[in-house]
Amino acid sequence: MLTKSRYLEAPRRLRAFVRAHETSLVVLAALTGTIGGLVVAAMSGAVSVLHVALFDLPFGERLSSQISLDPLNALLVPSLGGLLLGLAFLALARWRPGREIDPIEANALYGGRMSFRGSVIVALQTIWSSGVGASVGLEAGYTQLSSGIAASLGRGFHLRRIDQRIMVGCGAAAAIAGAFGAPLAGAFYAFELVIGGYTPASLAPVGVAAVAGYFVAHAFSVLTLGVGVDAVGDVLGRDLAIAALLGVLAALFGIAIMRGVTLCEALLGKTRLWPPLRTALGGFAVGLMALLTPQVMSSGHGALHLGGIVSMPFAFMAGVLILKAMASIVSLGSGFRGGLFFATLFMGALGGRLFAAGCDVLWPGLQLDPDVYAVIGMSALSASVIGGPLTMSFIALESTGNLWLTTAVLVSVIISTMITRELFGYSFATWRLHLRGETIRSAADVGWIRDLTVDKMMRRDMTTVNADMPIAQFRKQFPLGSKTQVVAVDGEGRYAGLALIADAHAPDIDMHNGLAGILRHSDVVLRPSMNIQEAIAVFDAAEAESLAVVEEGEERCPIGLLTEAHAMRRYAEESEQRRREVIGEI
């Protein structure tokens, strides 16, 4: 859902100054980074307060790090929290019909335009979902609100389309850098997942935003943000090959999780339960699993400390891994808001530790370091579900400071990403968009293609004739050279086909059937809402040089003409303009 209202409108002279100076974008990025860090701190603090209030935890402790929970709290809080969230969704649907646009979709389709109000709503929903114990992460809310604020800043300064998209990336970079204590990971999260590419000109603003977000978020040390990792052992050459195998397994597990969320949604949809009851049922299921191990609740941030994971018995780790995966699937599938970033890091760390233990059983002489494979596993699984192999590699580097370990991580995440794209084709974010009918697979800017519609390209000065007109009369009215083609309509003004002047004047045509005998493409038309790619596909399928455009609906009244040559020329012109914009950035 887009908004046309502006919450910030900079003075005209200031807008002109910002648009004229590249360094001004860096200043806006620094402001965005500062706001992003505050967003991370505020949202994390809000969730901690909810955990203290709803689960009776000591202040400063995390829900997923608890040994046990009060059974009544574990069952009632997620269930009632899900019910209230479902009721809020129903009320919101009446107030704001449609859905909110996330940063990836905004940059891919809408030139970086996002709704500030909608971003606040998503952030609040994410805080509540994690606060009542649903197995979801806050990273979706972090990036949504930070990018939404950045988009509002860019809109207020009337930034160019490419700069507006960079601002959205700056918001996401600041949020991820602050959440994980990893500025490099935050920057590359923006490049890989939100902007959809890297240019030297975008490095400065995104990098500044990530560093600012990191320092501001970590000024609030009480929040204990980031990924805690103990010292790891040496990484040997054999570990590169073994890491590749772990990458394969991580990709398959990641695909299973993403498919599982969709399956859960479909199964709950078939029950025809009242939507708030579906969310309540999902919360109750998570509460039941939390009775076995509280590690399944919330994002898993508190449980993500590799020293603690290593000390767990193998059977317990396997149980937590399975239950955490099920809790995440049920939470998102039943309607809770949130992401899978933190959850996949936690599950990947558990999976990597189990993988190392399994290899030691099958080949006792290997003696694999469990810490090493916990880091490789968490990076590989997150790369499969979230995407962004370099993002995950930098999280590993900034968490451990071990360059050789990062090399093994890079091998694993590359394998994981390749297999996921080959077998599945999407990250979790783009998969959810695909289920809604979108076809994007990344944040690369394809919005201009959708903006270039048949309605904007067609000629409206067409000539129409009655399809029952005799050929002799048609020849007299349209001699050779007068026109190329005309649109034929029936007695009710509906499209009947295209009549080419040259066909009508051919000496060997059958005169008895009249104009209807020479009409072309009677069953093939264009609609004004079609974009350039859809129109070109219709031209190719019909092998047509020109087609009529008819109005939307069943009436099929012609409103214009479009030639394939003109459509291809406009497509080439727009593509060249985008290419020049990118070159200008470089």
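Analyst: Start with a cut-off: a residue counts as exposed when its relative accessible area is over 50%. Gln367 has a relative accessible area of 64%, so Gln367 is exposed. Keep in mind that this model is predicted.

Where is Gln367 found? Gln367 sits in the loop between α14 (341-362) and α15 (370-386). The backbone of Gln367 deserves a look too. Gln367 is not a glycine, yet its phi is positive, near 50°.

Arg272 lies in the loop between α10 (237-270) and α11 (275-292). With a relative accessible area of 77%, Arg272 is exposed.

Now turn to the charged pairs. The structure holds eight salt bridges. One of them joins Arg238 and Asp239, with N to O at 4.0 Å. Asp239 has a relative accessible area of 4%, under the 20% cut-off, so Asp239 is buried.

Another pair is Arg459 and Asp461. Their closest N and O atoms are 2.8 Å apart in a salt bridge. Both residues are exposed.

Arg494 forms a salt bridge with Asp490, with the closest N and O atoms 3.3 Å apart. Salt bridges with shared partners link Asp490, Glu492 and Arg494 into one network. Arg494 is partly exposed at 33%, and Asp490 is partly exposed at 25%.

Conventions
Residues numbered from 1 in each chain as written. Predicted model: local features only at pLDDT ≥ 70, side-chain atom pairs only at ≥ 80, totals over all residues. Heavy atoms only, no water. Helix = DSSP H or I, 4+ residues; strand = E, 2+ residues; numbered from the N terminus. Buried < 20%, exposed > 50% of the residue type's maximum accessible area, 1.4 Å probe, protein only. Salt bridge = Lys/Arg side-chain N within 4 Å of Asp/Glu carboxyl O.
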